[in-house]
2 protein chains.
Amino acid sequence: MRIVDIRETAIPLKSKLANSSFDFTEMTTSVVAVITDVMRDGKPVTGFAFNSTGRYACGEQMRARFIPRIMAAAPDSLIDDSGDNLDPAKVLTQMLRREKIGGDAERSIAIGTIEVAVWDAVAKIADKPLHRVIADRFSGGKVTDPVFCYVGGGWYWPGQTIKDLQDEMRRHLDAGYAMVKMKVGGLPLDEDVRRLEAVLQVVGSGDRLAVDANGKFMRDEALAYAKALAPFKLRWFEEPCHPLDYALFAELANVYAPPLATGENLYSTQDVENLVRFGGFRPGHDIIQVDPPQAYGICQYARTLDMLAKHGWPRTSLFPHGGNQMSLSMAAGFGLGGAESYPGVFGDFGGFADDARVVNGAIALSDRPGIGFEGQANLYRIMRELAGL
Amino acid sequence: MRIVDIRETAIPLKSKLANSSFDFTEMTTSVVAVITDVMRDGKPVTGFAFNSTGRYACGEQMRARFIPRIMAAAPDSLIDDSGDNLDPAKVLTQMLRREKIGGDAERSIAIGTIEVAVWDAVAKIADKPLHRVIADRFSGGKVTDPVFCYVGGGWYWPGQTIKDLQDEMRRHLDAGYAMVKMKVGGLPLDEDVRRLEAVLQVVGSGDRLAVDANGKFMRDEALAYAKALAPFKLRWFEEPCHPLDYALFAELANVYAPPLATGENLYSTQDVENLVRFGGFRPGHDIIQVDPPQAYGICQYARTLDMLAKHGWPRTSLFPHGGNQMSLSMAAGFGLGGAESYPGVFGDFGGFADDARVVNGAIALSDRPGIGFEGQANLYRIMRELAGL
């Protein structure tokens, strides 16, 4: 068996959202199709993925380097020992040929998106959901089902009132979610605290609410927010500062008792190891949120989990960034703390299967083979067209 | 005055070189032209740059995001207080709009290359060499002239004998250089030490020789090389390990007395600050080698120097990566320790002006306005064609 083609298309997210640091009006994402010569129901088995949200499309890197390297490799060098399926680790190795060490973000998003699409194909060829394939390979067969899932919401938008924000949170609770996240840092501290108190009235208690500053604060403001937020005993305080400012993370961890969170802007296992070595992050307490398709994909995510285990970190401290079926599969297959959800934002790229239901804050898994994009009609229309299916 | 067009073209380096970690056979670089409406001798003043060596061309990021943001900005928002010239810091700010924090390498190379081309235009409009403009802005007017310059050579190539390597080093000395660098890590330690001893016979003493492992070694091998190399008292031991493995750098700095060096794979000021905070790097002793056009350009390089000064680092501890006229200008204008040189490698992208002469290990500066690419006939042919001059 072999890969016959790999295609990419860049799609605008068409999002008007803004966090404390930037808006998404120009944001795009790369959708990838890995087309194999394995036929099912008269059609080639095809793996799909997209590069999550927050980083721009990266088709040029794919077309100039990663796709040609895969297509130039001997097909036998990309398949597993059974000879019946692709080996994603071998595909990853091919993509990394002639790449200089470091500078990960320049390629990790392009490579990771292709790698996750390869896994989607692998699971479909095995006729299993991806969460089952991951669990069998990396978790002794144990799938977490249902998966705890919280809403990454509470964005700023022009003209928003506190009542609008409360209404949004009520909708999330009515939809079955038991935990929500809201943005902070887009308004002065006292106004942000008023928003927070209003949301707490709706959600009930601090352990059902996280806040996200999207890396905006310098030292003084980060410490001021930490001091103001600590009494609320929130589920976590996410990205209080620059994602690589390990010294400031350590200082914050020293004064802020509830959990901190970060990781969506770490693109290599080495960056994550630096966070836990130098950032004062507390195993089993703080939260790490690497985005797998943006950080080299699933094989590398497994290596990051192994590294973290050596530092005493349980898998339940990880919540993958990106409210989509890729992260949901990985949370279920690796036994992570849970997944994120973006209901109603990021257009076709911010949801789960159309038939997914949230009950008591968790989502039951589907048994569709692969990641399950076929269960998302609007998103799958883009993918099917790309693959010519 | 205003920018009327920004163009990019990707050029293969056509290099057959290899270091311990990867080869350059697929390597490309982005050449950029920033065309202004200022006319000199009937032609528009145009700034040029390329994205140094070791990172691939990045035209898609430029065309999709950074060039449109500059061209969409009000022209007055990009000029300095005099109204007569561009302000590179303002151009940088425009390029960074709608960019997410972190993930620097994904954009720092594209942005940095455009930013350096803007500085070339600024210096040409001011009718001064870039090193003079940088010195006036950032160094109290003091230009370092001539600039100490060493050869980044000693690459591995198929069939290479120790005599070949000695002959290469003799050619560098005959050309006027007083210090050379050679690769290590591409052969077993004992063979590398034999190569090293043979080169030392030619160059005379350890302070005239640096070695570069290009980040290849894991902990055990890095420590073994450190132990074997220490007695030679080399000028520096470059990239002994992963560029972000600050813990291992600190361990090496603890056991390896001569200078260590790294930095060409650090793309943000925060990464460099982490190196000096956590990597055990010794101010005034170890060497930092950020590549300016790959790390957001000259404004950001100046910010990195300011950050380093707060940590006690003198500018003479910095040697910019990249043997080209961009780095040479910055070494001269900022008063850095020196510059690198790649005579005869990297095709049209690895040299200085055609009339540059090396005397006693240093290069005298030219008085061409801007960076001085007009003095490199082969490279300037590519640039002139891109700009339609």
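This report describes two contact surfaces in a predicted model, the one between chain A and chain B and the one between the two domains of chain A.

## Domains of chain A

Chain A is divided into domain 1, which is made up of 3-128 together with 383-387, and domain 2, which covers 137-374. Between the C-alpha centres of domain 1 of chain A and domain 2 of chain A there is a separation of 24 Å.

## Contact between the domains

Where the two domains of chain A meet, 36 residues of domain 1 are in contact with 34 residues of domain 2. On the domain 1 side of this contact, strand S3 (43-50), helix H2 (88-95) and helix H3 of chain A each supply at least two residues, and the largest share, 12 residues, comes from H3(A).

Sorted by class, the side of domain 1 of chain A that touches domain 2 of chain A holds 16 nonpolar, 12 polar and 8 charged residues.

## Contact between the chains

Across the boundary between the chains, 38 residues of chain A are in contact with 38 residues of chain B. Four helices of chain A, namely H1 (59-72), H3 (105-125), H8 (246-255) and H9 (269-278), each contribute at least two residues to the side that touches chain B, with the largest share, 5 residues, coming from H9(A).

The side of chain A that touches chain B comprises, by class, 12 nonpolar, 13 polar and 13 charged residues.

Conventions. Residues numbered from 1 in each chain as written. Chains lettered and ligands numbered in written order. Predicted model: local features only at pLDDT ≥ 70, side-chain atom pairs only at ≥ 80, totals over all residues. Contact = placed C-beta atoms within 7 Å. Nonpolar A, V, L, I, M, F, W, Y, C, P; charged D, E, K, R; others polar. Domains from an automatic or database assignment.
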